[in-house]
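Student: Hey, can we go through this model together? I'd like to start with how the strands pair up.

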Amino acid sequence: MKKAVKCLISAGPTREWLDPVRFISNPSSGKMGYALAKAAVESGMEVILVSGPVSLPCPENVERKMVNTAREMNEVMKNYFPSANLTIMSAAVCDHRPASTDHHKVKKLEVSKNITLVPNPDILEGLGKIKRPGQILVGFAAETERHLENGKKKLRQKNLDWIAVNEVAEGKGFESDKNEITMISSTGQSIFFERGEKLLLARKILDAVWP
Ligand code: CTP
């Protein structure tokens with residue numbers, strides 16, 4: 001049992017609001033992050049799950065913090081990160097948000113005139129900058145091409161210990177119950193997990209990053 005290990009996990013998409021009835025988001029279901037939270041609790045860890053809007057129930061014995069926008073997720077992650085031993089960022093954070101959010105519904109003829117996007121903070125990169133020795137930081141890379149090459153770039157750029165690279169294609173990644181993952185470590189290890197249920201993969205990922 002991995003008692004006294006504090007594990008912080010992010011999951012799901014973020015929503016970036018244009019007005020009260022319109023947002024930019026992505027098809028993340030949150031299943032991978034929720035599976036990781038379940039597997040971490042099973043292994044005896046104390047788990048905080050920071051979740052974007054998804055329809056999944058909170059896994060038993062997990063403390064869940066619901067968030068909506070990338071900026072909200074950033075605040076909550078930064079808050080819990082200093083006391084976490086293991087942090088896994090599996091959320092599909094929107095890289096951009098509308099430059100302004102209107103508090104009234106924008107009339108349809110005006111919508112396209114009003115969309116200017118500005119970058120959101122890179123939450124994981126921010127955590128990588130404040131990581132202390134002994135803390136393990138794991139990211140995900142959703143790639144549609146040159147998966148391993150792009151994954152390794154993100155591992156270095158964001159100062160991660162591990163990155164889980166998954167291919168996004170029909171029936172893989174985002175909304176699927178199954179996934180196929182290559183784990184790459186900062187020390188040059190590479191482990192391939194063949195296509196399987198996300199909960200089984202989650203257990204394997206945890207065994208790799210926190211043996
Ligand atoms: N991530 C994050 N904050 C963002 C964007 C991404 O924390 N604003 C995290 C994701 O949770 C994931 C990792 O960074 O763990 C990689 O995300 P991904 O979408 O694959 O890559 P990006 O860094 O957004 O780069 P690109 O879209 O150019 O592939």
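Student: In S12, what's the bridge partner of Lys-178?
Tutor: That's Glu-197. Helices (H or I, at least four residues) and strands (E, at least two) are DSSP runs, numbered from the N terminus.

Student: Wait, what kind of model is this, and how are residues numbered?
Tutor: It's a predicted model, where local features need pLDDT of at least 70, side-chain atom pairs count only at pLDDT 80 or more, and totals for chains, interfaces and linings use all residues. Residues are numbered from 1 along each chain as its sequence is written, and side-chain values use heavy atoms, with hydrogens and water left out.

Student: Okay, how many bridges join S11 to S12?
Tutor: Six, and these two strands run antiparallel. Two strands count as paired if DSSP finds at least two bridges between them.

Student: And what's in the hairpin of those two?
Tutor: There are four residues between S11 and S12, and Gly-188 takes a positive phi near 95° there.

Student: What about S10 and S11, parallel or antiparallel?
Tutor: Antiparallel, over five bridges. Val-165, for instance, has Thr-182 as its bridge partner in S11.

Student: Why does Thr-182 count as buried?
Tutor: Because its relative accessibility is 13%; buried means under 20% relative accessible area, exposed over 50%, and partly exposed in between (1.4 Å probe, protein chains only). Six of the eight residues in S11 are buried, too.

Student: Which residues does Thr-182 touch?
Tutor: Leaving out residues up to four places away in sequence, Thr-182 touches Leu-148, Ile-163, Ala-164, Val-165, Ser-190, Ile-191 and Phe-192. Contact here means heavy atoms within 4.5 Å.

Student: Zooming out, what's the strand order in the open sheet?
Tutor: Its eight strands go S5-S4-S1-S6-S9-S10-S11-S12, with mixed pairing. S5 and S12 stand at the edges with a single partner strand each, so one side of each has no neighbour in the sheet.

Student: Which strand runs parallel to S1 with six bridges?
Tutor: That's S4. In S4, Glu-46 is the bridge partner of Lys-6.

Student: New topic: in the largest nonpolar core, which residues touch the most other members?
Tutor: Ile-9, Leu-36, Met-45, Leu-86 and Ile-205, out of 33 residues. A nonpolar core is a set of buried Ala, Val, Leu, Ile, Met, Phe, Trp, Tyr and Cys residues joined through side-chain atoms within 4.5 Å.

Student: Which element gives the most to this core?
Tutor: H1, with seven residues. There's also a second, separate core of 21 residues, including Ile-48 and Phe-81.
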